Amino acid sequence: MTIRLPRSRHRPRPALPEPRRDASIDIVPMRRAHVRHVAAIEERIFPRPWSAALYLSELASPATRAYFVAIVDGAVVGYAGSMLVAGEAHITTVGVAPEWHRHGVGIRLLYRLVREVRGRGAHALTLEVRMSNHGAQELYRAFGFVPAGIRKNYYPEVNEDGLVMWAYDVDTPVYEARLDQIGRRIGARSRDRR
Ligand SMILES: CC(C)(COP(=O)(O)OP(=O)(O)OC[C@H]1O[C@@H](n2cnc3c(N)ncnc32)[C@H](O)[C@@H]1OP(=O)(O)O)[C@@H](O)C(=O)NCCC(=O)NCCS
C-alpha cells in the first residue's frame, strides 16, 4: 500500500549547498525559473509568505520592479526585491535560506538592489520590518536606513508592529561613498557596481 503524505511534506525541498565561508555568491536578476525556489525559501522564513504567483506578477512589471536572487553552486539561497515609484524605492522583500544566514548573502543582495534602483533614479529607499527583527534592522542601518515611524499591528499574524525605515539622499556622493565602502567589504566585482 502506498502511504500518501500531505502534499506540502511530500514535495521535496530543493537541495541547497552546504553553507561555507568561501562560497562564491552570484547576484543575478530573478527570472521566472527561479520563482519556485524563491517561494520555497519564502515559506520557511516568513509567517505570511508571498506565493509563487505573486512573485511572477512582480516579475511581469519590470518597469517598476527590480528583483534579484543570490546563487551558490547553481542554487537559489536568497532573494531581494523593490518597487520603484516616483524616485522612491520600496524594498518589498529580502530573504535568505536559514542555513545561509550570516554568510554575507543579504548584504550582497541589498548592495546589488540599491545600486540598481539608484541607477533607475531612486533618491530615497523605504521598507517595513518587524520591531523585534533586530538582525534585519542592523543590516538596513549599514545602508543608511533610519527609523521613521511605526505601523501598528502591521504583522497581525505575529501580532507585531512594523518599523518603517527610510534611507534618504541615496543619489548623493556621500551615499555613493557609503556604498563603495560596503562594496569593498563584500569584495564587489565591477559588474556589480552599476
Ligand atoms: C535579515 C536577513 C535577510 C539577513 O540576511 P543574511 O544573509 O543573514 O545577512 P548577512 O550575512 O549579509 O549580514 C550582513 C550584516 O547584517 C547584520 N546582520 C544580519 N543578520 C543579523 C543578525 N541576525 N543579528 C545581528 N546582525 C545581523 C550584521 O551586521 C551582518 O554583518 P556580520 O555578519 O559581518 O556581522 C536574513 O536573516 C533573513 O532572511 N531573515 C528572515 C527574513 C527576514 O527577516 N527578512 C527581512 C524582512 S524585512
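Predicted model: local features only at pLDDT ≥ 70, side-chain atom pairs only at ≥ 80, totals over all residues.

Student: OK. Is Arg-102 buried or exposed, then?

Tutor: Arg-102 is exposed, because it has 9 C-beta neighbours inside 10 Å.

Student: Where does Arg-102 lie?

Tutor: In the loop between β4 and α4.

Student: And what is phi of Arg-102 near?

Tutor: Near 60 degrees. That is a positive value, and Arg-102 is not a glycine.

Student: What about Asn-153, what is its phi?

Tutor: Asn-153 has a positive phi too, about 50 degrees. Asn-153 is not a glycine either.

Student: Which strand holds Asn-153?

Tutor: Strand β6, which covers residues 146–155.

Student: Buried or exposed, for Asn-153?

Tutor: Exposed. Asn-153 has 11 other C-beta atoms within 10 Å, so it falls in that class.

Student: New topic, the ligand. Which residues come nearest?

Tutor: There are 17 residues around the ligand. His-101, Gly-106, Ile-107, Gly-135 and Leu-139 come nearest.

Student: Which elements give two or more residues to that shell?

Tutor: β4 (88–96), α4 (105–119) and α5 (134–142).

Student: Which of them gives the largest share?

Tutor: α5, with four residues.

Student: Last one. How do the shell residues divide into nonpolar, polar and charged?

Tutor: Eight are nonpolar, seven are polar and two are charged.

Terms used. Residues numbered from 1 in each chain as written. Near = placed C-beta within 6 Å. Nonpolar A, V, L, I, M, F, W, Y, C, P; charged D, E, K, R; others polar. Buried ≥ 20, exposed ≤ 12 C-beta atoms within 10 Å, placed from the backbone.
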